[in-house]
Amino acid sequence: MSTDFDLCVIGGGIIGAGIAQAAALNGLSTVIVERKGWGSGNTSRSNKLVHGSLEHFSGMNIFRTREDLVERQILMRIAPDLIKPYWFYLPIFENDKRSSWSTELQLLTYDILAGKNNLPWHKKIAENEWRDLDGLNQSKLEAVYQFQDAQTDALLLTQELVRSAKMHGALALCPVNFDEAIKTADGYSVQVTKGSRTRTFECRFIANATGAWSSITAGRMGLLSKIPNAQYTKSTYIEFSQQLSDKRFFIESNHDGTRLIVMPWRGGTLVGATEKLFTGNPEHVKPTAEEVEKLVSTVRHHFPHFNNPPSQAWSGLGSKSLSRKQAKGLDRRLFLLDESRYLGVYGGQLTSYRILAEKAVINILRILNETIEDTLNKPFVSSSSISI
Ligand SMILES: Cc1cc2nc3c(=O)[nH]c(=O)nc-3n(C[C@H](O)[C@H](O)[C@H](O)COP(=O)(O)OP(=O)(O)OC[C@H]3O[C@@H](n4cnc5c(N)ncnc54)[C@H](O)[C@@H]3O)c2cc1C
């Protein structure tokens, strides 16, 4: 029996788009299915940083931070128009959870982990320059640091990856809903729907890149009992229509000490995020009044002159990486079922989409090569012969 595609990628966020592009580049005949719009899921809710997550950085995640900082450099090199460096300001106050010396040590480690030929190292801002920090509260201010990270346009990046995947022969279906997949001897029979039109095609392997919807989509493949339970973190942001500053700040929440970003956003200001575990329907994620209040009061505490009400608040969902045991020796963001020819992604980040896609495709190639050598050189129908 011939199959229409080597690989079917479900979900057109940054992770699905990255996997589809890497697969197409590696010669796999690929179809990617997205139900709403490219990058319209949690990718569109990201705050677009391409970074080593300084706000979460500790000795526990040093290898991941190193990988992310190397990725930051690679992405800035391969997509300089889309991924650009910016300075971020990090003020430290007397009552902050982190002292200025521990912050300095953290920034130094961050710079060292980034390695040679990466962004410039952090600096300490002289006290006589603090007045230029756009109304930052100077009472009990102990030190202000400046460091560089990068930012992108997540939607544009996702669209570019899909465009590149198409240029390398992939079929990109959007808006098309993935309905179900039924296991066959050679892979899967996949059913998708656009409006009232339903189509079925065959593929040898499925990559589930539906992020917060992964459990729902895996259930439609009959795999729910075989895959790990994903844990989700809800992140809440607020927006102001007024611009507080043209600078980007990381400030400590006066409630729980987490680091919040304050930055220019669509002509106004973005502040976030509060983070907490989320269970329930991903469609129903939304900010609570308490989360909004925590963010507003932290901004007012650090920028007392800025007493505008927020214009809107929103939440996004990110999944957590797997435990070492669940990942079975693989990267903790990937879950593979060799015999089911299934790959799921957990905890995918914008920053690490490229390296994750590369690791995913290496594993897919390995599984397809090892298990179905007899079909390796079979011609596949051209993607243009599938219409929906
Ligand atoms: C608030 C927030 C801020 C973040 N900020 C950053 C940051 O600054 N830097 C960083 O590196 N990372 C950041 N992240 C992490 C990262 O941006 C996201 O985790 C990542 O974009 C998720 O991408 P994804 O492709 O896995 O999921 P998504 O973008 O959610 O994509 C999944 C897609 O699957 C589609 N789908 C679902 N069901 C179906 C179906 N049945 N058929 C077809 N398609 C379906 C959805 O429509 C969706 O488009 C942030 C995350 C959040 C939540």
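The legends below describe close-up views of a predicted model.

Residues are numbered from 1 along each chain as its sequence is written, and side-chain values use heavy atoms, with hydrogens and water left out. Local features need pLDDT of at least 70 and side-chain atom pairs count only at pLDDT 80 or more, whereas totals for chains, interfaces and linings use all residues.

**View 1. Confidence along the chain.** The chain has a mean pLDDT of 90, pLDDT being the predictor's confidence in each residue, from 0 to 100. Of its residues, 94% reach 70 or more. Over residues 370-388, pLDDT stays under 50. For that stretch the model has 32 contacts beyond four places in sequence, a contact being heavy atoms within 4.5 Å. Where pLDDT is low, the predicted coordinates should not be read in detail.

**View 2. Domain 1 and domain 2.** Domain 1 comprises 5-43 + 155-227 + 321-385, and domain 2 comprises 93-151 + 231-319; the bounds come from an automatic or database domain assignment. Their centres, taken over C-alpha atoms, are 34 Å apart. Domain 1 gives 12 residues to the contact and domain 2 gives six residues.

**View 3. Packing of helices α1 and α4.** Helix α1 covers residues 14-25 and helix α4 covers residues 154-167; helices (H or I, at least four residues) and strands (E, at least two) are DSSP runs, numbered from the N terminus. The two pack at an angle of about 25°, with their axes 8 Å apart, which makes α1 roughly parallel to α4. Axes are lines fitted to C-alpha atoms, for helices over the stretch in contact, and angles run from 0 to 180 degrees between N-to-C directions. Angles under 35 degrees count as roughly parallel, over 145 as roughly antiparallel, 65 to 115 as roughly perpendicular and the rest as oblique. The crossing of α1 and α4 is left-handed, meaning that the near helix is turned anticlockwise from the far one by less than a right angle; clockwise would be right-handed. From α1, I14, A17, G18, A20, Q21 and A24 meet L157, T158, L161, V162, S164 and A165 of α4. This contact of α1 with α4 has eight nonpolar, four polar and no charged residues (Ala, Val, Leu, Ile, Met, Phe, Trp, Tyr, Cys and Pro are nonpolar, Asp, Glu, Lys and Arg charged, and the others, Gly among them, polar).

**View 4. Crossing of helices α2 and α3.** The axes of α2 and helix α3 (residues 100-114) cross at roughly 60° and come within 8 Å. α2 and α3 are therefore oblique to each other, and α2 passes α3 in a right-handed crossing. I62, T65, R66, L69 and R72 of α2 make the contact with T109, Y110, L113 and A114 of α3. By class, the contact of α2 with α3 has five nonpolar, two polar and two charged residues.

View 5. C174 and P175 are joined by a cis peptide bond with omega about 0°; P175 is in the loop between β7 (171-173) and β8 (177-183). Another cis peptide bond joins G272 and A273, with omega about 5°, and A273 lies in strand β14 (residues 268-278). S53, in the loop between β3 (49-50) and α2 (62-78), has a positive phi of about 55° although it is not a glycine.
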